[in-house]
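Me: I am new to this structure and would like to learn how to read it feature by feature. Could you take me through it with care?

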Amino acid sequence: MILTRFILLFSLLSALVLAVTYPIYAQYYQGLQDRILANEETSVVAASQMIQKEMYEQVHLIAMIADAAPVLDYVTHGRAEQRVALETFFSNVSTNFHRFDQIRLLDNSGYELVRVNLNDSKGNIVPQSELQNKSQRYYFTEAKELADNQLFVSRLDLNMENGQIELPHKPMLRFSTPILDRNGERAGVLVLNYLAEGMLKSFRRQMSRRVDQQGMLIDAKGYWLSNHERSNEWGADLGRAEHTFARMYPEVWSEISAADSGIIATDKGLFRFQSIKPFNFSGSQHAHFKADHYPLFASQSVANTDWKLVIFIPNELIQSRSFLYQPLGQALVALVLCLLAGASLAMAIITNQKQARSREQKELNEVLSDLYDNAPCGYHSLDANAHFIRINQTELDWLGYTREEVLGQPFIAFLTPNSQVRFQEFFDALKTEKQIENVVLEMQCKDGATFYVSSSATAQNDQSGDFAVARTSVFDITDRILLEKKLETLANIDALTNISNRRHFYEGATLELKRALRYQHPLAILMFDIDHFKRVNDTYGHDGGDAVLKQLASTVHSSLRDLDVFARFGGEEFIVLLPEISPEQVALVAERLRQKVAELQINLPSGETASITISIGVAMLTPDDKLLEHLIKKADLALYQAKEQGRNRVVEYNA
Ligand SMILES: Nc1nc2c(ncn2[C@@H]2O[C@H](COP(=O)(O)OP(=O)(O)OP(=O)(O)O)[C@@H](O)[C@H]2O)c(=O)[nH]1
């Protein structure tokens with residue numbers, strides 16, 4: 001992961017740095033090329049001037065020979081002594097100038113009149129007997145086609161002797177020009193075989209002084225006249241047609257052959273080329289060479305000597321001058337790469353750590369969110385007006401509402417009326433107490449069902465210190481409440497008769513007594529007991545006795561008001577507290593009870609029916625009765641009297 005990121009960042013940063021620095025480097029590299037090329041200009045100009053000067057001199061010399069008196073005299077008069085003078089003249093020219101392998105004069109039919117060969121640095125006159133007919137040679141036929149003042153120049157090629165290339169190679173240019181006699185009549189053709197080796201040597205010497213010692217002279221067809229690789233030279237003459245610049249660099253050659261000069265950039269390096277037209281003196285230092293004064297050149301001659309000087313500057317050479325290829329430059333590049341790598345690695349690590357942290361944070365948030373939403377208790381947050389601003393899924397599930405239905409709604413809308421009052425007190429208290437715990441509330445579900453929760457809340461204040469949010473947890477305690485209620489019922493209710501037991505009677509009765517005493521309201525106690533209940537048990541069995549007790553309790557309970565507190569006081573003894581009742585009314589109630597019981601036909605488990613009577617003792621509350629026990633005691637005494645007086649009767653306590 002880090003590696004991938006590192007590679008990505010490194011590539012990006014490198015691309016960025018490259019994008020910024022490349023144009024600068026390209027400019028610098030261009031400057032470098034320009035400087036190297038500027039240095040090369042000297043070689044190019046010097047080589048091309050050298051060739052032109054050499055040719056200029058030869059042309060000058062030939063013009064001079066063509067106009068020389070020994071030539072004119074001999075072609076005009078043809079006397080023997082004039083021939084000797086001409087031979088001597090040719091021999092002197094050959095020996096002194098050392099440039100011409102052969103100098104000869106042909107007559108109009110192409111037969112050699114005079115010939116001098118340069119042998120061992122001397123111009124040797126060829127005997128007349130050895131002179132030949134050269135009428136079919138191109139230098140004669142070409143010259144015959146020329147205007148009077150024109151000069152033919154051949155291709156630069158290797159001399160052939162007896163049909164073979166002469167060894168060592170003898171590069172040669174052949175000049176020929178018509179000769180006029182003193183009467184202006186065509187009298188023959190002057191032919192000079194120019195030895196180009198000297199000129200080519202000078203060219204190679206100049207090129208060898210260049211930075212990479214490579215320089216080429218190429219003819220119009222792309223053959224090398226001079227090449228640092230000597231074996232590439234003279235492809236045309238040696239039958240190596242493939243040994244051409246054109247074949248080796250076709251695209252470069254097509255550009256070179258189409259222009260006079262230029263620079264061509266290739267993936268191997270730069271080619272600087274320059275046309276060398278050795279006989280085009282216009283614009284050169286030999287511009288004073290006037291065509292009307294000296295011979296003109298036939299177009300074929302110009303084409304024969306359409307040479308190109310080409311120098312090659314390999315990329316390696318330019319690069320070796322570039323600071324990037326110097327130790328310092330490479331150290332700089334290495335340093336930049338190291339810095340980029342370091343920065344990329346640091347960024348990759350930091351990004352990775354950040355992502356890991358954010359992933360952990362996300363996971364933690366998910367866990368927390370899951371914990372919040374799916375906690376076994378309900379969570380909600382209320383704003384300052386007790387409206388929902390957040391609620392977890394558990395609580396929503398309890399209520400049966402969706403989150404959208406709940407958020408923004410007042411909390412009390414989801415409480416039973418009793419709990420609404422309690423919540424309002426609780427919420428008001430929270431604003432000052434900051435934390436309130438275990439408030440029992442009864443919540444109302446969407447389907448109308450209710451459940452009990454124990455609610456604890458913490459108040460959160462806003463920046464100005466005002467109450468803003470109540471964060472509340474609610475635990476479903478319905479089971480506990482129901483159990484408590486059940487236990488409470490069990491603790492208060494007599495299991496057999498399902499009416500209050502003695503303890504519960506005391507609770508209710510004590511409250512009623514206090515109220516009656518405080519407000520001086522009337523209150524009475526009835527105590528009654530089944531007459532001869534022992535006999536019932538004895539007759540119908542204990543189950544029969546229980547059935548009697550149950551029926552009795554139920555009958556009495558249905559005869560009393562809701563206000564009255566009715567309880568089994570113990571065994572077959574019962575007690576009733578009657579609030580807000582006058583002595584007259586008590587007597588009536590007691591009597592009505594007695595009669596009702598007496599009329600009762602009790603169905604027993606055995607299928608039999610039984611009848612019972614009860615004796616009732618009545619006591620009215622008096623200001624002296626500060627304690628419930630006093631009043632009960634008085635009723636008990638009255639009951640005792642009722643028993644004493646024969647049972648099945650009502651006796652009121654009389655002090
Ligand atoms: N079946 C049944 N009998 C009970 C229960 N509690 C008390 N008794 C019976 O009630 C009878 C009370 O008898 P006594 O106190 O002698 O009174 P009595 O027979 O009613 O006679 P008097 O009260 O004098 O009329 C006993 O036999 C008890 O066993 C009960 O829960 N179920």
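Predicted model: local features only at pLDDT ≥ 70, side-chain atom pairs only at ≥ 80, totals over all residues.

Me: How do I read a pair of packed helices, and at what angle do helix 2 and helix 3 pack?

Reply: Two packed helices are described by the angle between their axes and the distance between the axes. The axes are lines fitted to C-alpha atoms, for helices over the stretch in contact, and angles run from 0 to 180 degrees between N-to-C directions. Helix 2 (residues 69–77) and helix 3 (residues 80–97) pack at about 150 degrees, with their axes 9 Å apart. Angles under 35 degrees count as roughly parallel, over 145 as roughly antiparallel, 65 to 115 as roughly perpendicular and the rest as oblique. Helix 2 and helix 3 are therefore roughly antiparallel to each other. In this contact, helix 2 contributes Pro70, Val71, Asp73, Tyr74 and His77, and helix 3 contributes Gln82, Arg83, Ala85, Leu86 and Phe89. For classes, Ala, Val, Leu, Ile, Met, Phe, Trp, Tyr, Cys and Pro count as nonpolar, Asp, Glu, Lys and Arg as charged, and the others, Gly among them, as polar. The contact of helix 2 with helix 3 has six nonpolar, two polar and two charged residues.

Me: How are helix 1 and helix 5 placed relative to each other, parallel or antiparallel?

Reply: The axes of helix 1 (residues 2–66) and helix 5 (residues 197–208) come within 10 Å and cross at roughly 170 degrees. The two helices, helix 1 and helix 5, are therefore roughly antiparallel to each other. Helix 1 takes part in the contact through residues including Ala46, Met50 and Ile51, and helix 5 through residues including Met199 and Phe203. By class, this contact of helix 1 with helix 5 divides into seven nonpolar residues, three polar and one charged.

Me: How many residues surround the ligand, and which helix supplies the largest share of the shell?

Reply: A residue is near a molecule if its C-beta atom, placed from the backbone, lies within 6 Å of it. The ligand is surrounded by 16 residues, the closest being Asp531, Phe533, Lys534, Gly545 and Gly571. Strand 21 (523–530) and helix 16 (533–559) each supply at least two residues of this shell, and the largest share, seven residues, comes from helix 16. The shell has four nonpolar, five polar and seven charged residues.

Me: Which backbone features stand out, and is Trp234 buried or exposed?

Reply: Most residues other than glycine have a negative phi, and most peptide bonds are trans. Trp234, not a glycine, has a positive phi of about 60 degrees, and this residue counts as buried, with 23 C-beta neighbours inside 10 Å. Asn438, in strand 18 (residues 435–444), has a positive phi of about 55 degrees, and Asn438 is exposed, with 9 other C-beta atoms within 10 Å. A cis peptide bond joins Leu167 and Pro168, with omega about -10 degrees.

Me: Where is Leu578 placed, and what does Leu578 touch?

Reply: Leu578 belongs to strand 23 (residues 573–579) and counts as buried, with 25 C-beta neighbours inside 10 Å. Not counting residues up to four places away in sequence, Leu578 touches Leu523, Ala524, Leu526, Asp564, Val586 and Val589.

Key. Residues numbered from 1 in each chain as written. Helix = DSSP H or I, 4+ residues; strand = E, 2+ residues; numbered from the N terminus. Contact = placed C-beta atoms within 7 Å. Buried ≥ 20, exposed ≤ 12 C-beta atoms within 10 Å, placed from the backbone.
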